[in-house]
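Biologist: Hi! Could you walk me through this structure, one piece at a time?
Modeller: Happy to. Here it is.
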Amino acid sequence: MEKELVINGYRKSFGKSLLYTLPVFLITFVFMSGGRPDFSDPARLVALLVTFAGMNLLYFLMHYTGRTDRYRAILFIIFALSLSFTLISNIVQMRNSMSFSQSDIVECRIPFCHLVIPMMIIPAAFTKSIIFPGSIIGGFADISSMVILWLFATIALGRGFCSWGCFYGGWDDGFSRIRKKPLLKKISDSWKWMPFALLLMVMLTAAMTLVPTYCDWICPFKAVTEFEQVTDTESAIKAGIFISLFGGLVVALPVVTRKRTQCSFLCPLGAINTLSNKITPFTVKIDNEKCTKCYKCTTVCPLFALSREDVNGGRVSVFCSKCGKCVDVCPNNAIHFGIKGVPAGSFRNFSRNLFLFVSFIFISIFSAGSIINTIQSLLNFIIS
Ligand code: SF4
Ligand code: SF4
């Protein structure tokens with residue numbers, strides 16, 4: 001008889017896990033290869049096959065082992081690293097430098113980034129103009145496809161976007177996993193409200209100045225993508241801010257706290273995604289009948305989304321990014337992916353399977369291109 005694993009309350013056989021992987025296998029094959037792989041470039045073909053096989057293996061393992069966060073994090077971190085690698089290589093190829101000049105802005109040679117979306121809303125409504133320089137349709141990272149993808153992902157996953165779709169989240173997620181135990185345990189969770197204040201501030205300042213102020217002055221990920229040429233005191237101050245915020249919130253604090261501090265404290269898009277958790281069909285539920293109040297889940301939550309009060313109240317807060325870390329560690333299988341309106345403890349397998357399918361399709365669509373490009377560049381480098 002076929003061996004079955006029982007982890008986190010999920011009873012999965014090898015055959016069943018393969019069956020669950022089949023739809024993702026077919027969908028990823030179609031969108032990665034367009035249905036017809038290109039055999040003319042061997043490095044590209046190998047990169048495509050490695051990405052395709054790796055992604056499907058991770059999805060299979062999520063089903064077979066019952067663990068979510070462990071395999072999600074591998075893909076999410078590779079996604080962030082490869083996105084930065086691809087972006088920097090493209091930018092350097094285009095203009096021989098990681099920095100951009102005023103003429104690059106005027107000539108729309110700046111790839112669009114989803115973090116600018118909150119700042120576009122008011123100027124777009126009142127002036128009918130997009131305040132970020134870039135091509136609306138076509139070209140390198142065009143605006144319309146990015147906005148549409150973000151919108152669909154946000155409606156489907158809510159703040160799940162921050163753990164399954166964001167280009168940058170893998171950076172602080174990765175650094176938060178370096179130490180086994182946190183050096184700094186006490187960190188006030190009231191800071192998690194900061195993105196709402198920041199969101200208001202950047203939306204208003206962007207509306208008044210018609211400049212995406214967060215991108216211009218605050219974004220830590222400029223340090224691993226592109227930044228304005230340092231030509232005067234103002235641009236030097238900006239570069240100093242980007243590098244300090246990256247070092248502090250993306251590297252140092254996540255390492256010592258094991259929390260995703262950039263995503264929790266400084267991302268204005270994270271605030272919008274948090275609000276969108278109110279409309280998404282998926283959620284994380286606590287089954288009070290099984291919960292023994294051991295609070296293991298509260299200590300591992302990387303986004304300050306699960307306090308002891310939340311557990312005592314039998315709910316996960318609106319800050320949840322559906323990463324699945326708490327689900328993976330609960331010793332009593334009391335916490336699980338669920339669907340709103342369905343009581344905790346019911347339809348656990350169905351809810352998890354549906355959530356994993358939807359969220360995995362999003363992360364593979366977002367990440368496939370940059371992972372394939374990165375592997376292809378590395379192969380070309382090795383054989384040249
Ligand atoms: S880890 Fe599980 S049993 Fe422990 S408090 Fe969290 S939900 Fe309850
Ligand atoms: S509550 Fe659980 S699923 Fe939500 S962010 Fe925290 S660890 Fe991740």
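Modeller: Keep in mind that this is a predicted model. Let's begin with a pair of strands: β5 (residues 282-286) and β6 run antiparallel, joined by five bridges.
Biologist: Nice. Which residue of β6 is the bridge partner of Phe 282?
Modeller: That is Ile 339.
Biologist: And why is strand β6 largely enclosed by the rest of the structure?
Modeller: Strand β6 covers residues 335-339, and four of those five residues are buried, so the rest of the structure largely encloses the strand.
Biologist: Now the helix α11. How far does it reach from its first C-alpha to its last?
Modeller: Helix α11 (residues 233-257) has 25 residues and spans 34 Å, close to the 36 Å expected at 1.5 Å a residue.
Biologist: Where is the kink in α11 centred?
Modeller: On Gly 248, with a kink of about 30 degrees.
Biologist: Which residues of α11 are buried?
Modeller: Phe 242, Phe 246, Leu 249, Val 250, Leu 253 and Pro 254.
Biologist: What do the buried residues of α11 pack against?
Modeller: They pack against α8 (169-175), β4 (227-228) and α12 (261-265).
Biologist: And what comes just after α11?
Modeller: There, Arg 258 adopts a positive phi of about 60 degrees.

Note on methods. Residues are numbered from 1 along each chain as its sequence is written. Chains are lettered from A and ligands numbered from 1 in the order in which they are written. This is a predicted model: local features need pLDDT of at least 70, side-chain atom pairs count only at pLDDT 80 or more; totals for chains, interfaces and linings use all residues. A residue is buried if 20 or more other C-beta atoms lie within 10 Å of its own, exposed if 12 or fewer, and partly exposed in between; C-beta atoms are placed from the backbone. Helices (H or I, at least four residues) and strands (E, at least two) are DSSP runs, numbered from the N terminus. Two strands pair if DSSP finds at least two bridges between them. The expected span of a helix is 1.5 Å times one less than its number of residues. The bend at a residue is the angle between axes fitted to the seven residues ending there and the seven starting there. Two residues are in contact if their C-beta atoms, placed from the backbone, lie within 7 Å.
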